Amino acid sequence: MRQFWTLLAFSWIVACSSSSVSTAERTNSSEKAPLATVLKEETLEPYPGLKIDHVQFSNGLNAYIIPREQNGTVGVVVGYEVGSRFEKVGRTGLAHLFEHMMFRGTESFPEPFQTLSEWSGHEFNAFTSDDQTVYHEMVPLKNFEDALKFESERMRKLLITPQGFNTERGAVVSERKMNYEDSPGGRLHFELYQTAFDKHPYKTTPIGWQDDIERASFEDALSFYHRNYAPNRASIAIIGDIKTDETKNLLLKYFGSFEEVPFKGLDTPKETLYRKNRKKTIHLKTQAVFLGDAAFAPTYNDKEAFAELFMCVLFADSTSGYLQHTLVEKGIARSVSASCSPSVDPGLSTITIVGVPKVSAATLEKKYEEAKKGFLAWAKNDRFENIKKYFEISQLESMRSPMDFATSIVSNAVTAKDPLYSFKLVEEVKKLKFEDIEKQFKTREKIGHTRILIIPAEKNDPMKKDKK
Ligand SMILES: [Zn+2]
C-alpha cells in the first residue's frame, strides 16, 4: 500500500499531560436510547472460509466484524475519511495535528496513553495520510467494551483545551523538523510532492507547513474536529474473540446516539498530468545521495492502478526488483524502493534510490537512466511470472497479522470505498499480461515526472514555499 504514514512517536506520547476542561459537546451515549438503526447487514467472503460481517448503521457508520480465535484478544481499528487532502492553502497540517489531539483524553479516559498501555502494552498507534486518519489498538477481551467506549468518546466527545492544543502543536513542529526538514527520507518525500503538484492539496503532504501549524487557532482545531470526526466519515473493524450480534449491540450502545454530520464530498482542483518534467536539488547533512523519481499515479477508480503497482514491484521492489539487481548488487546504490499504490485523486508513484556513500549524484542519475533502458527485456517471461507469484504471497502474508488485516479493511473502506480492495488487487495482478506492464511503462514515461536529488552538504537547505 502507498502511504507515507506519519507514525506517532512514543517519545512525546509519554510527555502528554491530561486536561480536565471540555469544550466539546457532551452527551452521554449510554444513557440515551440509540437513535441509529441497522440499515444493512451482509457477510463478505473474499476467500472461502474468511468471513467479514459488514453492518451499516443509519447514522452512516460502517462496521466490519471478523470473529476468530485470537488468544483472548480483540483488535479495534477506526478509520476516518480525513487527511491532508481535506486541507486548504494556509491551513495545512491540521489533519495530522488532530491525530495528536485524539490522544489528549476523553471524559471517561482522561489519560489515554496510560490506559491504552495498561490494556495493550504498546499495541496501539495511529497514522495520518493524504486521504485518511486511522487509529488502532489490540486489547484483551476483558477491555474490549471499554475500548469501544473510548473510541466512541474520541469520535464526538473528545476533551479539547487550548493548553492541550498548544502542547501538541509544539510536538508536531519538532516532529516536522526531525523527520522531514532534516531527514533525507522525509525531506525527499515532501519535496517530491511540493515540486510535482501546483494546486492539489496533496502538494503539502500531511506534515504541513510550520507557519500554518503555528498560526492555526484553537477554534480552527475545534471546527476541524466537529466537521470531520463523525460516524458517517468513519469505518470500524473489530477482529478477534467476539460474536457478531453482541458486537453489533455494543456498537449501537456506544455509537448509536451520534448523528450524521452532512458532508458533500470534496471538490479538489485537478492537476495537469501531462506536463514538462521537473527537477530540484536539495543540500542536506547526509552521507549519501538520495534520488527520488516520481510520476503522477492512477487512482482507485483507474484500472491501470494494478499494472502500475505491479510494474513498480518488478522495477524497484527492495528484494526482487530489477533495480535491486542492477544498482544495489552492483555496488552503486545502498537501497531501492517503490511506492506506487493508488490514492483517491491522482497522487505520485515514487521510486527512491539511496546511493552508496561517495557515489556522486551525476553517477547515480546516469546509472539509473541506463538501467531503465534494460528493464523490459529483463522483466520478460519467467521473471514476470515468478515475481507475480512472489507478489501474491507477500500481499497475503502482509494480511496475516490481525491488526494489519483489520487496518487494510478499514483503510480500503475509507479511501477506495471497497473494504476488499486489497483482495481485488491480488486477483487483478494475477490476470496481468506482460504487455500490460510494457504499455504502462511506456505510458508512464509520457506523464509529467518530478525528480528530487538530495546531495550531501555541510548545511541543510531551508524548506521554502513556492510562490505559485
Ligand atoms: Zn505526529
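Into which domains is the protein chain divided? Domain 1 covers 10–255 and domain 2 covers 278–456, with bounds from an automatic or database domain assignment. Before we go on, friends: this is a predicted model, where local features need pLDDT of at least 70, side-chain atom pairs count only at pLDDT 80 or more, and totals for chains, interfaces and linings use all residues. Residues are numbered from 1 along each chain as its sequence is written.

Let's look at how the domains meet. Their centres, taken over C-alpha atoms, are 28 Å apart. Domain 1 gives 34 residues to the contact and domain 2 gives 32; contact here has C-beta atoms, placed from the backbone, within 7 Å. On the side of domain 1 that touches domain 2, α6 (184–196) is among the elements giving two or more residues, and its 8 residues are the largest share. Helices (H or I, at least four residues) and strands (E, at least two) are DSSP runs, numbered from the N terminus.

Now, please turn to the open sheet. Its 5 strands run in the order β8-β12-β9-β11-β10, with mixed pairing; strands pair if DSSP finds at least two bridges between them. At the edges sit β8 (278–284) and β10 (333–339), each pairing on one side only. Over 6 bridges, β10 pairs with β11 (residues 348–355) in the antiparallel sense, and S335 has V354 in β11 as its bridge partner. Helix α10 (residues 304–316) packs on the sheet, touching β10 and β11, and its direction makes about 170° with that of β10. For such angles, axes are lines fitted to C-alpha atoms, for helices over the stretch in contact, and values run from 0 to 180 degrees between N-to-C directions.

Definitions and conventions: Two residues are in contact if their C-beta atoms, placed from the backbone, lie within 7 Å.
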